[in-house]
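Dear colleague,

I am handing over the structure we spoke about, and I would be grateful if you could look through it alongside the notes below.

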Amino acid sequence: MQKWIMSGILIVACAFAAVLMFTLPGKDQVAQEEKPQMPEITLNAEQAETTVKANCISCHGDQLQGGAGPNLQKIGSELSAEQLFGIIAKGKGGMMPAFKDKLKEDEIANIAMWLAEKK
Ligand code: HEC
């Protein structure tokens with residue numbers, strides 16, 4: 001009688017484990033979520049300037065010449081739009097704030113593309 005109970009529990013546990021294996025996100029998926037994906041948009045330079053003026057120049061200077069944050073006038077020769085998107089979305093070091101909760105993804109992508117053209 002007890003054997004039956006034990007094997008019953010075992011079967012249920014196995015079934016549960018199998019379900020978990022398929023429902024929990026795999027390692028690949030988790031890694032993808034950590035790396036922000038830049039949405040595909042077309043650059044709107046005017047909007048980018050407005051967004052940057054409102055959010056970035058307090059630290060990076062009104063001509064992006066630098067201040068509390070580094071000079072961004074030639075940032076496009078160092079970083080790609082995707083890299084810029086990642087930095088702006090997630091922040092950098094302890095000083096550069098993350099903007100993913102403050103700006104829309106499209107807005108971040110737009111300023112990333114705008115900055116990527118600054119060479
Ligand atoms: C509170 C001040 C502050 C604000 C606001 C700010 N930044 Fe920064 N930013 C920094 C600092 C400080 C660093 C340097 C971080 C480090 O390298 O550790 C930095 C770094 C960066 C870098 C990386 C530069 C490099 O050479 O690697 C980029 C790109 C950048 N900021 C873009 C932006 C944009 C775009 C905005 C507006 C959406 C913005 N920042 C707003 C302070 C700020």
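Predicted model: local features only at pLDDT ≥ 70, side-chain atom pairs only at ≥ 80, totals over all residues.

Residues are numbered from 1 along each chain as its sequence is written, and side-chain values use heavy atoms, with hydrogens and water left out.

Helix α5 (residues 81–90) packs against helix α6 (residues 105–116) at an angle of about 130°, their axes 8 Å apart (helices are DSSP runs of H or I, at least four residues, numbered from the N terminus; axes are lines fitted to C-alpha atoms over the stretch in contact, with angles from 0 to 180 degrees between N-to-C directions). The two are therefore oblique to each other, a class for angles that are not under 35 degrees (roughly parallel), over 145 (roughly antiparallel) or 65 to 115 (roughly perpendicular). In α5, the residues A81, L84, F85, I88 and A89 meet E105, I108, A109, I111, A112, M113, L115 and A116 of α6, where contact means heavy atoms within 4.5 Å.

Helix α3 (residues 45–55) crosses α6 at roughly 100°, with the axes coming within 9 Å, and that makes α3 roughly perpendicular to α6.

Around the ligand there are 21 residues, of which C56, C59, H60, K92 and M96 come nearest (a residue counts as near if one of its heavy atoms lies within 4 Å). An N or O atom in the side chain of H60 is 2.7 Å from a nitrogen atom of the ligand, whereas a polar side-chain atom of K92 lies 2.8 Å from a ligand oxygen atom; a polar contact is a pair of N or O atoms within 3.5 Å.

Definitions and conventions:
Polar contact = N/O pair within 3.5 Å; in protein donor to acceptor, adjacent residues only side chain to side chain.
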